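Please keep the sequence and the 3D view open while reading.

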Amino acid sequence: MVPVVVALMIVAIGYGWYVALITRRNKALEALSSIDVQLRKRHDLIPNVLRLAQQFMTHERELITRLTELRTRAQERYDPSRPDDVEAHLSAEGALQGGMRQLFAVAENYPELRSSETIVQAQQTFNEVEGHIAASRRFYNAAVTRLNNAVQIFPGSMIAGMTGIRGMPFFEIEDDVVRQPVNADDYLRAGDRPTV
């Protein structure tokens, strides 16, 4: 009788861990879906910004072409249940974010573009969307942390291995976007310097 009770307890504990893994994976997928909603807003904004920029930025065709390619790559379908696909998708989105930030930085060199009310509104909308993406990214990364911990720590690692449940990648900001040094001369051109 005791061996049967012990076997039933082991099965019940194993089932409980399995349910916890599935729940955590589903939470991570839900958070990824939330990010995708915000990323679609960014994707919808980009063509308008590029059309506006193209009118003024005659020397920046390469940047505009690269952003168009990055947007296309970021919009490619992917399988959210495959961590490698998710990682490639999030990497493409990070590159697109960096490209858009570069576009707005380069736009500072074009006074007529910088003073255009439409581009100012587009930049404000872009910043708002980026704020929503950042909030979604925090929610997603928290869900991924819980899932990855459950998948990597025993006995979850054993159950995950038997059931094929895998951890998911974090959505991180590209290093070159975050750690790029700021050059004050870019912001303090002769006509823009404050008087003391």
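**Confidence**

The model is predicted. Mean pLDDT for the protein is 84, and 86% of the residues reach 70 or more. Helix α6 (residues 156–163) has the highest confidence, at a mean of 92, while helix α8 (residues 184–187) has the lowest, at 44. Over residues 186–196 pLDDT stays under 50, and the model has 8 contacts beyond four places in sequence for this stretch.

**Helix α2**

Helix α2 spans residues 61–74, which makes 14 residues. From its first C-alpha to its last it reaches 20 Å, close to the 20 Å expected at 1.5 Å a residue. The buried residues in α2 are L63, I64, L67, L70 and A74. Seen down the axis of α2, these buried residues fall within an arc of 120 degrees, so they line one face of the helix. In general, an α-helix has 3.6 residues a turn, so residues three or four places apart point the same way. The buried residues of α2 pack against α1 (2–56) and α3 (83–107). On the face turned away from the buried side, α2 carries the exposed residues E62 and E69.

**Q38 in helix α1**

Q38 lies in helix α1. Its relative accessibility is 11%, so Q38 counts as buried, the cut-off being under 20%. Leaving aside residues up to four places away in sequence, Q38 touches V129, H132, I133 and S136.

**Salt bridges**

Side chains of opposite charge can pair when their charged atoms come close. The count of salt bridges comes to 6.

| Pair | Closest N and O atoms |
|---|---|
| R42 and E130 | 2.7 Å |
| D85 and R82 | 3.6 Å |
| E130 and R101 | 3.9 Å |

R42 and E130 form a salt bridge that links distant parts of the chain, with R42 in helix α1 and E130 in helix α5 (residues 117–152), 88 residues apart. Both R42 and E130 are buried; for E130 the relative accessible area is 6%.

E130 also forms a salt bridge with R101. This pair joins helix α5 to helix α3 across 29 residues. R101 is partly exposed, at 37% relative accessibility. Salt bridges that share partners join R42, E93, R101 and E130 into one network.

In the pair of D85 and R82, D85 is partly exposed at 21% relative accessibility. R82 is partly exposed too, with a relative accessible area of 43%.

Note on methods: Residues numbered from 1 in each chain as written. Predicted model: local features only at pLDDT ≥ 70, side-chain atom pairs only at ≥ 80, totals over all residues. Heavy atoms only, no water. Helix = DSSP H or I, 4+ residues; strand = E, 2+ residues; numbered from the N terminus. Expected span 1.5 Å × (residues − 1). Buried < 20%, exposed > 50% of the residue type's maximum accessible area, 1.4 Å probe, protein only. Arc of directions from axis to C-beta. Contact = heavy atoms within 4.5 Å. pLDDT = per-residue confidence, 0-100. Salt bridge = Lys/Arg side-chain N within 4 Å of Asp/Glu carboxyl O.
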